[in-house]
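Visitor: I would like to go through this model with some care, taking the sheet and then the charged side chains.

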Amino acid sequence: MQKLSMDQLNRVDVETFKSQEKTPLVIVLDNVRSMHNVGSAFRTADAFAIDKIVLCGITATPPHREIEKTALGATQSVTWEYEKDSVDAIKKLKEEGFEVYAIEQTNNSISLETFEPVTNKKYAVVFGNEVHGVEEDIIAIADGTLEIPQFGTKHSFNVSVTIGIVLWDLINKTKFIKK
């Protein structure tokens, strides 16, 4: 076994990435305060060729040195937009035909492992503030909430870890993975 070199990984360049088919998923960051978490969201979105990221409220926007620290250039490849009001962003996505799920613990949350997305639908997943989670106003208009099962003493994962878990699960279940 040998680690692959950067050349052997055969990654596309930014221009090719921008023109390639994207995974029909949108990430919405609802008032995420840590720029490192924002950068990590960009890097994960690049890795999975996500359609776009919508940054809302107090969520910082590129270009910023602290975002780039973890994004490692993904802010150049991933399409993103800023919307001051998270509710307006969600309403706009729903008008565009996206089914919207907040990643949050609620009395009606669907456990992630039991959620069965439909392959031909477009999904947007909303990730909330590191302390307060997803805003109640968003939960009220979302099509549902998804929750990651947890077995320890803490009640949540870091938002950047949550993004990775949720996106991988949805991509794997819907067979968006390009082989």
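The questions and answers below concern a predicted model.

Visitor: Which feature does UniProt place at residues 25–168?
Guide: The end C-alpha atoms of residues 25–168 lie 11 Å apart, and the span is 35% helix and 24% strand. For residues 25–168, the unreviewed UniProt entry gives the feature "domain: tRNA/rRNA methyltransferase SpoU type".

Visitor: Which strands are the edge strands of the open sheet of seven strands?
Guide: The open sheet has seven strands with parallel pairing, in the order S3-S2-S1-S6-S4-S7-S5. Each edge strand pairs on one side only, and these are strand S3 (80–83) and strand S5 (110–111).

Visitor: What angle does the direction of helix H6 make with that of S4?
Guide: Strand S2 (residues 50–56) pairs with S3 in the parallel sense over four bridges, and cysteine 56 stands opposite glutamate 83 in S3. Helix H6 (residues 86–95) packs on the sheet, where it touches strand S1 (23–30), S2, S3, strand S4 (98–103) and strand S6 (122–127), and its direction makes with that of S4 an angle of about 145 degrees.

Visitor: How many residues apart are lysine 173 and aspartate 169 in helix H8?
Guide: Lysine 173 forms a salt bridge with aspartate 169, with 2.9 Å between the closest N and O atoms. Lysine 173 is partly exposed at 25% relative accessibility, whereas aspartate 169 is buried, with a relative accessible area of 18%. Both lie in helix H8 (residues 159–174), where about one turn of the helix separates them, a spacing of four residues.

Visitor: Why are lysine 69 and glutamate 66 separated by about one helical turn?
Guide: Lysine 69 and glutamate 66 form a salt bridge, their closest N and O atoms being 3.5 Å apart. Lysine 69 counts as partly exposed at 49% relative accessibility, while glutamate 66, at 16%, counts as buried. The separation is about one helical turn because, in helix H4 (residues 65–71), they are three residues apart.

Visitor: How many salt bridges does the count come to?
Guide: Beyond the pairs discussed above, Lys52, Glu81 and Glu96 are linked in a network of salt bridges. With a side-chain nitrogen of Lys or Arg within 4 Å of a carboxyl oxygen of Asp or Glu as the rule, the count comes to nine.

Notes: Residues numbered from 1 in each chain as written. Predicted model: local features only at pLDDT ≥ 70, side-chain atom pairs only at ≥ 80, totals over all residues. Heavy atoms only, no water. Helix = DSSP H or I, 4+ residues; strand = E, 2+ residues; numbered from the N terminus. Buried < 20%, exposed > 50% of the residue type's maximum accessible area, 1.4 Å probe, protein only. UniProt positions renumbered as here; feature names shortened; annotations may be inferred. Pairing = 2+ DSSP bridges. Contact = heavy atoms within 4.5 Å. Axes fitted to C-alpha atoms, helices over the stretch in contact; angles between N-to-C directions.
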